[in-house]
Amino acid sequence: MKYSDLLDIAKTYGDPIYVYDSEKIISQFHRLTNAFSGVKHLKLNYAAKALSNISILKLMNSLGSGLDTVSIQEVQLGLLAGFKPESIIFTPNGVSLEEIEEASKLGVRINIDNLSILEQFGSKHPDIPVCIRINPHVMAGGNSNISVGHIDSKFGISIHQIPHLLRIVELTKMNINGIHMHTGSDILDIDVFLYASEILFETAKNFKNLDFIDFGSGFKVPYKKGDIETNVEELGKKLSNRFNEFCKEYGKELTLAFEPGKFLVSEAGYFLTKVNVVKQTTSTVFASVDSGFNHLIRPMLYGASHQIINISNPKGRERYYSVVGYICETDTFASNRRINEITEGDILCFKNAGAYCFTMASNYNSRFRPAEVLWYDGKAILIRERENFDDLIKNQIDIKDLFATKKQQVGVK
Ligand SMILES: Cc1ncc(COP(=O)(O)O)c(C=O)c1O
């Protein structure tokens, strides 16, 4: 997308606003598919949590993607977007048996990540096949918040609990149709990934009726020019070969599944904000924008570094700025960044704003959540309206004059 297209969108629909480039999503989907062209059956299940606007889900469905979901609401969104139930996998963590049963009633595939629920679900529904999430105890991932396959993580069933797991399967006579791991996001070391895959293969040998092996996700994408990223082509070649070898040993052509979020949508997203104030203090120059961590929490939550471009003045001389939000507590998007000279009213564009940005947005400070636009076929399509004051109060129940009466009584005393 050109900067001029983004400026036009901000002018037409206002700011702050999220914009998603569908072409980038499509090309990333094909890139990953091509990287694994060496396997006969590949299934990409887009991780809805990354960006769950129904129009994005529809785009994924049109590409032939499945859907990875972590809440009953994501399952319902997926069905609403047109995914067939069997194309949806429910991979929750720490949810109730009731929620898993509700998802199962909707016909989606179930992935269970703890022995307690496995035992309860298997005892009640031995006829419903389930996938199990293994924790391979591998330290992988960009930072501790997104590394989820290590020994202290709450995710997955420990590989050291396999004997217990097998006992549950045998006693309940349930059917395990898939085996899964997700070790974390932003994995750079392919060898670590392949090492964890070996643990998954080893575990898979315990189950005779598998249909698929799901390797989760964790592909690192570049955040700026020259950034290192997961070499999906190399991973594709190496893992595909090993997977095909395993299928031969196993005696069945299994499906190789992934559930990418970031890889498919991160780089497709742009977040546009307007500079309200340029404030020079004794130590720095702040550029305060009309947004904050209520709309884009990743920098404050786990130090994510989004590239920020002044698209109103992309050729201007570069100066140092700290870009901050309007939330009334520390709300820093970037410190001492070189950005083309900023004037109040300029539009700053945050890159890599497709994954875990809008989906993590909130109404903190009673602000409205932004609008979302899909760029498709050279045109901007509004796919979510900006919230308004009615949205903010729609579920609140007005207690009318309850306190007014109370005040009167206190006054009488
Ligand atoms: C179980 C599971 N699968 C897939 C993903 C998607 O990961 P990514 O966005 O790094 O591709 C996540 C992310 O948290 C996850 O928890």
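Two residues are in contact if their C-beta atoms, placed from the backbone, lie within 7 Å. The model used here is predicted.

**Exercise 1. Decide whether Lys-49 is buried, partly exposed or exposed.**

Solution. 
Step 1: Recall the cut-offs. Buried needs 20 or more other C-beta atoms within 10 Å, and exposed needs 12 or fewer.
Step 2: Apply them. Lys-49 has 18 C-beta neighbours inside 10 Å, so Lys-49 counts as partly exposed.

**Exercise 2. Work out which residues of helix α8 are buried and how they are arranged.**

Solution. 
Step 1: Find the helix. α8 covers residues 190-204 and reaches 21 Å from its first C-alpha to its last, close to the expected 21 Å.
Step 2: List the buried residues of α8: Phe-193, Ala-196, Ser-197 and Leu-200.
Step 3: Look down the axis. These buried residues fall within an arc of 110°, so they line one face of α8.
Step 4: Turn to the face away from the buried side. There α8 carries the exposed residues Asp-191 and Glu-198.
Step 5: Name the packing partners. The buried residues of α8 pack against β6 (130-135), β8 (176-180), β9 (212-214) and α9 (232-250).

**Exercise 3. Describe how domain 1 meets domain 2.**

Solution. 
Step 1: Domain 1 is 36-260 and domain 2 is 269-393.
Step 2: Count contacts. 11 residues of domain 1 are in contact with 14 residues of domain 2.
Step 3: Sort the domain 1 side: 4 nonpolar, 5 polar and 2 charged.

Key: Residues numbered from 1 in each chain as written. Predicted model: local features only at pLDDT ≥ 70, side-chain atom pairs only at ≥ 80, totals over all residues. Domains from an automatic or database assignment. Nonpolar A, V, L, I, M, F, W, Y, C, P; charged D, E, K, R; others polar. Helix = DSSP H or I, 4+ residues; strand = E, 2+ residues; numbered from the N terminus. Expected span 1.5 Å × (residues − 1). Arc of directions from axis to C-beta.
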